[in-house]
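The stops below are meant to be selected in order.

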Amino acid sequence: MNHPRPKARLSRALGIPLTRKCVRYFERRPYPPGVHGRNRRKTSDYQVRLLEKQRLRHQYNVSEAQLRRTFDEAARGVGKTGESLVALLERRLDALVLRAGLARSIYQARQLVGHGHFTVDGGKVDRPSYRLRPGQVVAVRERSRTLPPFQLAAAGAHADDRPRPYLSVELTGLRATLLREPARHEVPVICDEQLVVEFYSR
């Protein structure tokens, strides 16, 4: 889902930088955009929960309908709903492409997946929402490996400083394997998922 608003402005509205490029803009103006950005009054409980839900939604670049469906699925499962929600979102193909260092942002990851540059267990997959199971392997298609974005990725340009323990990544081979279900404390998402649960449960 492509959001038309500039990412730096959206980052300021959410209170978190959404991409690495947005970090310097966010640090320069760490307050909401607009004339009254510095002088906002105290927010209500509803606004706090809404903001937390929006933060989670935009960090995964999903639509409201997609997030709601994922929440309903997490609520039907076992375990804590909030942690299950984050784990389900983290297993999306575009999210794992980003975590593996095969794309520089969730927006690029979604675009590259949508253009058919990836395979899962050898078969082409072009749905960013495709959910991987433990043991499945994500790889860049042979015909796409010479493209500049993947040459940069293979050189480690997008590699995370802290490798994710639920992923086995081979950057030179442009492939990654989901080893197991992601645990909440291992997922680098800035969000209080309990507030998201409270928002949808109101």
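Leaving aside neighbours within four places in sequence, which residues is Glu90 in contact with? Select Glu90 and the answer is Tyr60, Ala95, Leu96, Arg99, Tyr166, Pro182 and Val187, where contact means heavy atoms within 4.5 Å. Before going on, note that this is a predicted model, in which local features need pLDDT of at least 70, side-chain atom pairs count only at pLDDT 80 or more, and totals for chains, interfaces and linings use all residues. Residues are numbered from 1 along each chain as its sequence is written, and side-chain values use heavy atoms, with hydrogens and water left out.

**Stop 1: Glu90 and the whole chain**

Stay on Glu90, which is placed in helix 5 (residues 81-90). Its relative accessible area is 0%, so Glu90 is buried; buried means under 20%, exposed over 50% and partly exposed in between, with a 1.4 Å probe and protein chains only.

Now zoom out and colour by secondary structure. The chain has nine helices and five strands, in the order α-α-α-α-α-α-α-β-β-β-α-β-β-α along the sequence. Helices (H or I, at least four residues) and strands (E, at least two) are DSSP runs, numbered from the N terminus. Of the 202 residues, 48% count as buried. Among contacts between residues at least 6 apart in sequence, 55% join residues at least 24 apart.

**Stop 2: Phe118 and the core**

Select Phe118 and Phe150. They form an edge-to-face aromatic pair, 5.7 Å centre to centre with 85 degrees between the planes. Phe118 belongs to strand 1 (residues 118-120) and Phe150 to helix 8 (residues 148-154), so the pair ties together parts that are 32 residues apart in sequence. For the cut-offs, rings of Phe, Tyr and Trp (its six-membered ring) pair if their centres lie within 6.5 Å; planes under 30 degrees apart count as stacked, over 60 as edge-to-face and the rest as tilted. Phe118 counts as buried at 0% relative accessibility, and Phe150 counts as buried at 0% too.

Not counting residues up to four places away in sequence, Phe118 touches a set of residues including Val97, Leu102, Val125, Val140 and Phe150. The largest nonpolar core has 49 residues, and Leu56, Tyr60, Leu85, Leu93, Val97, Phe118 and Leu132 touch the most other members. A nonpolar core is a set of buried Ala, Val, Leu, Ile, Met, Phe, Trp, Tyr and Cys residues joined through side-chain atoms within 4.5 Å.

**Stop 3: the other rings**

How many aromatic pairs does the structure hold? There are four. Select Tyr46, Phe71, Phe199 and Tyr200, which form one aromatic cluster.

**Stop 4: two positive phi angles**

Most residues other than glycine have a negative phi. Select Asp121, in the loop between strand 1 and strand 2 (123-124), where phi is near 55 degrees. Asp121 is partly exposed, with a relative accessible area of 49%. Next select Leu174, in the loop between strand 4 (167-170) and strand 5 (175-178). Phi of Leu174 is near 50 degrees, and Leu174 is buried at 3% relative accessible area.

**Stop 5: Cys191**

Select Cys191, in the loop between strand 5 and helix 9 (193-201). Cys191 is buried, with a relative accessible area of 13%. Its contacts, leaving aside neighbours within four places in sequence, are Glu52, Leu56, Gln59, Arg184 and Val196. The C-alpha atoms of Cys191 and Arg55 are separated by 6.7 Å, although the residues are 136 apart along the chain.

**Stop 6: Ser105**

Finish at Ser105, in the loop between helix 6 and helix 7 (106-114). Ser105 counts as buried at 11% relative accessibility. Not counting residues up to four places away in sequence, Ser105 touches Thr19 and Leu98.
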